[in-house]
Amino acid sequence: MKINGGIRYCEKGLTASLRAMHVQSELIGMYNENVGGFDKIGYQRQEPVVSSFTEFLGVHGLSKTTDDKIGRIAMSDNPLDLALANKGYFQIQTADGIKLTRDGRFKLDKQGNLLTLEDDKVLSNAGVPIQLSVVPEQLKDVRINAKGQVSVLNRKTNKFENCAFLGVVDTNGVVVMNPEVKQGYNEYSNVSLQDEFIGMMPIIRNFEANRQIFMIQNQNLQKVISQLGQA
């Protein structure tokens, strides 16, 4: 008795070319998304991941991971603009639950609540919204140190009152002990336009090669159909 085993995979050339172009279009879209996020505050580059079986799975074999390198940090004239010089994320309370962000552009409402520009509440390391004990007359009366401690100047006592610590955590939700918060700064994306364009070039060339193959196969198929029709 003989047992034969193995995997045999055959498919039409047109299908293979179409699948390859679809994958390459998705990859180009990922790179274009990074290029579009170049000037966005808090944006982190998305790194395309191509599995070993993408050739057969198509776009289902694609995924992406977040590049958590620190982005470009620039000075701001707003005391409530915060940047993280270390890896980590601010915690914010949204209508869809707690989310993480590196966009540290915050503001205060009339009750002294620390909010994002979209009016989501900024959370402390205790997981509760941060509310200042005193509503400051000026934004410069708010002080945030490198460890994320938020203090506000009480004009009546002429002393700073500690309110809370910013809830800076890693991707697993663990509190970052030394977030290196920089007050009066914004962190722009960690995208390098040069690297993105260089990364796109071989993908664009592969797309064009598959497109040419597809056109040749399609022309040959049309000839065959035409000849069969004449027979």
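Buried, for this talk, means under 20% relative accessible area; exposed means over 50%, and partly exposed is in between, with a 1.4 Å probe and protein chains only. By that rule, 35% of the 231 residues in the protein chain count as buried.

Two notes on the source. This is a predicted model, where local features need pLDDT of at least 70 and side-chain atom pairs count only at pLDDT 80 or more, while totals for chains, interfaces and linings use all residues. Residues are numbered from 1 along each chain as its sequence is written, and side-chain values use heavy atoms, with hydrogens and water left out.

Overall shape, then. The C-alpha trace of the protein chain spans about 100 × 50 × 30 Å along its principal axes. Its radius of gyration is 27 Å, whereas a compact globule of 231 residues would have one near 17 Å. That radius is taken over C-alpha atoms, and the globule rule is 2.2 Å times the number of residues to the power 0.38. The protein chain exposes about 14200 Å², and carbon and sulfur atoms supply 53% of that. Those areas come from the Shrake-Rupley method with a 1.4 Å probe; for residues, only the protein chains shown count as cover.

Now contacts. A contact means heavy atoms within 4.5 Å. Take the contacts in the protein chain with a separation of 6 or more: residues 24 or more positions apart account for 58% of them.

Secondary structure next. The protein chain has three helices and 15 strands. These are DSSP runs numbered from the N terminus: helices are H or I with at least four residues, strands are E with at least two.

Start with the helix α1, residues 13-36, which holds Ser 17. Is Ser 17 buried or exposed? Ser 17 is buried, because its relative accessible area is 4%. Not counting residues up to four places away in sequence, Ser 17 touches Asn 210, Ile 213, Phe 214 and Gln 217.

On to the strands. Two strands pair if DSSP finds at least two bridges between them. Ile 144 stands opposite Val 150 in β11.

Next, β7. Strand β7 pairs with β4 in the antiparallel sense over two bridges. There, Asp 81 stands opposite Arg 105 in β7. Strand β7 is also joined to β8, residues 114-116, by three bridges, and the two run antiparallel. Leu 108 has Leu 114 in β8 as its bridge partner. The hairpin of β7 and β8 has five residues between the strands, and in it Gly 112 takes a positive phi near 85 degrees.

How many aromatic pairs does a search of the whole structure find? It finds one. Phe 90 and Phe 106 form that pair, edge-to-face, at 5.2 Å centre to centre with 80 degrees between the planes. Phe 90 sits in strand β5 (residues 89-94) and Phe 106 in strand β7 (residues 104-108), 16 residues apart, so the pair links distant parts of the chain. The criteria: rings of Phe, Tyr and Trp (its six-membered ring) pair if their centres lie within 6.5 Å; planes under 30 degrees apart count as stacked, over 60 as edge-to-face and the rest as tilted. Both Phe 90 and Phe 106 are buried.

Asn 78 is found in the loop between β3 (73-75) and β4 (81-84). Asn 78 counts as partly exposed because its relative accessible area is 21%. Asn 78 and His 60 are 18 residues apart in sequence and 44 Å apart in space, C-alpha to C-alpha.

Last, two backbone points. Asp 119 is not a glycine, yet has a positive phi of about 70 degrees. Asp 119 lies in the loop between β8 and β9 (121-122). Glu 180, likewise a residue other than glycine, has a positive phi near 55 degrees. Glu 180 lies in the loop between β13 (168-169) and β14 (181-183). At 35% relative accessibility, Glu 180 is partly exposed.
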